[in-house]
Amino acid sequence: MNALVEGFGALLSLQMLLCIVAGAAIGMLVGAFPGITATMAIALASAFTLTMDPLPGLAVLLTILIAAQFGDRVPAILINTPGTPASIATTFDGYAMAKQGRAGLALTASAFASAIGGFVGIGVLMVAAIPLSTLAMRFGSPEMFALVIFGLTMMVEVSGKQLLKGLIAGLFGLGLGTIGRDPMDGSDRFTFGIPQLIEGVPFIAVIIGLFGIAEVFSQMISRRRSQQKAITSFGRWWPTRQENKQLIKPVAVGSAVGTVVGVLPAVGGDIGGIVAWNQAKRVSKESEKFGKGSLEGVAAPDAASNAGVGGSVLTTLALGVPGDSVMAVMLGSMIIWGIQPGPGLFSSQPDLVYSIAGIMLVATVLTLGLSLLRMRGVAKLLELPDRFLWTVILAFCVVGTYAVNTSVFDVGVMLLFGVLGLLLRRYGFPAGPIVLGLILGPLAERNFRRSMELGGLETIYTSPIAMGLLVLGVLAVVVPRIRGRRRAGRNGTDGTDGSDTPTDPPVPAGGNR
C-alpha cells in the first residue's frame, strides 16, 4: 500500500502535469497525421526526454503512446487511412459509417471504447504485475534466455508475411547487439577501431533512422497520398441508449482480446485490433453489418488496441521483454535512464510501477476529453501539404539525435540507418525485428553464456520453464503456417502468407506499418 501511495503521490506536481499535457497534445497530432507512427514519434521524443528525470520523461513517452492510440482513429474514420497500424481495423467500419453521415457517432463511440479498453488494460497491469514478477523471480539464466528467444520468435511471426525476411532482419539486429564491449569479459568486439562504437551502436540513432528518417524518405520518394477527401459531414455525435447497450458486448470482447494479445511479447495493437474485430463479428447478432458501417465493428478493435497498451507495459515491466515494437523503444530509454525492467524492478522500485500506472490513467482521462471535442478542424489539418510535415520531422530527427550525445557520429548513424530502413521497406524486410534484436540480443547472449558456464546445454533442456517457452516459440512460428497451407489447399491457393485470420476484412485505402 505504501508503494501505491508513493507511486501516485509522485504525480502530484506541476511538472508531471505539464509533461502529461504535452505528451497528450503531441500524441493526438501524431495519431491524426497518417504516416507518423507511435513508434516513430516515441523514438524521436526519446532523444529529447533523455535529459529529463526518468519519471517526467516516462510521462511524456507513455502519454504520447496513449494519445496516439486515440488520435489515429480520426484519419481511419474520416479518410479511410490508418493513423497508426493500431487503427487498421477501425477503417473496416469507421469509414463506411462516415460515408453514411455518421462520422461523429463513430468518433464518439471510438473514443469511449478506447478509454474503456485502456482502463481495463491498466487495471490488469496493476493487478497482475506483482504476481507475474514474483513468478519471474524464479527465472534463472536458462529461463531468461528462453523467454528472450520466445519474444524474438513472436516478433518475427507477426512482422510480415514472409518468415525468411523477418528472420534475416532479426538476425541482423542480433548482430548489431554484439558490437561494443563483451558483456562477460569487457573486451571490445567488432568496433573496427571506431571509438564511438565501444559502448555499442547508438540505440536512439538507430531507431530514429529506421522509423523516422526511413518513413520520411519513403513518403518523399513515393509521394503517396490518400486519394480520399476527408469527410466533413459528421452528423450526430452521441449514441442513443439502444446503441450504448449494443456497444457493451464488442467493448468487452475487444478489451479481453486486447489485454491477452498485449501480454504476449512483441505482438502489438494492430494484431489485437484485427483479432478483436473478427471475434466481435463472430458473437454479434448483426454480423452481416460488419464491414458495412457497424458500430460494433468500430468499438471492438479500438477497445482491443488500447487494452493492449496495458498488457504490453505489463510484459515489459515484469519480464524485461518488450510487449511490442513501441515498448522496445521505451525499454531502450529506460535502460539509458538506469531503469532495468524485469522481476527485480518490483522489489527495488515498486513505487515506479504504480507511478507508471497512474500516468497511464491520467493520460487516458485527458485524451478521452480531447477526443470528445468536435473534430471539424481535423479534416482541414489532414489536407496540409506533406512537405511541411517532412521538413519538421527531418529537423527534429537531426536535432534530437545530435542532442543525445552531442555527437555528429550519431547523426551519421541515423542517416545511414534511414537509408537502410528505406531499402528494407522497398524489399519487404520489417524493421521491428532489428530493434528487438538490438535490445534483446545482449540479454539473450548474457544469459546463454551464463547457462553454459553453470552446466552447459543441460541447464536449458532440463528446465521445464525454459523448454516450455522454447516450444511455444517454435509453435508460434510453425502452427500458423501449417494452418495456412491446409486452408490454402482447401481454397486452391498457395498459402504463402501464413495468416490465420478467420475472415477477410475490408482493406483500407492506406496506412503505414
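The model is a predicted one, so local features need pLDDT of at least 70 and side-chain atom pairs count only at pLDDT 80 or more, while totals for chains, interfaces and linings use all residues. Residues are numbered from 1 along each chain as its sequence is written, and side-chain values use heavy atoms, with hydrogens and water left out.

Three cavities of 30 Å³ or more turn up in the structure. On a 1 Å grid over the protein atoms alone, a cavity is a set of points where a 1.4 Å probe fits but cannot get out, and lining residues have an atom within 4 Å of a point. Grid points are joined across faces, edges and corners, and a volume is the space filled by probe spheres set on the points.

The largest cavity comes to about 70 Å³. Ten residues line it, with Phe 70, Arg 73, Leu 107, Ala 111 and Ser 371 nearest its centre. Helices H5 (73–78) and H7 (103–136) each put at least two residues into this lining, and H7 gives the most, with four. Helices here are DSSP runs (H or I, at least four residues), as are strands (E, at least two), numbered from the N terminus. By class, the lining of the largest cavity has six nonpolar, three polar and one charged residues; Ala, Val, Leu, Ile, Met, Phe, Trp, Tyr, Cys and Pro count as nonpolar, Asp, Glu, Lys and Arg as charged, and the others, Gly among them, as polar.

The second largest cavity has a volume of about 50 Å³. Its lining includes Phe 70, Ser 114, Asn 306 and Met 360. H7 again supplies the most, here three residues.

Ser 114 sits in helix H7. Ser 114 is buried, as its relative accessible area is 1% (buried is under 20%, exposed over 50%, partly exposed in between, with a 1.4 Å probe and protein chains only). Leaving aside residues up to four places away in sequence, Ser 114 touches Phe 70, Arg 73, Asp 302, Ala 303 and Asn 306, where contact means heavy atoms within 4.5 Å.

Now for open space: a pocket is an open set with protein on both sides within 12 Å along at least five of seven lines. The second largest pocket has a volume of about 1300 Å³. Among its 48 lining residues, Glu 199, Ile 335, Leu 438, Ile 439 and Pro 442 are the closest to its centre. Helix H20 (432–455) is one of the elements giving two or more residues, and has the largest share, nine.
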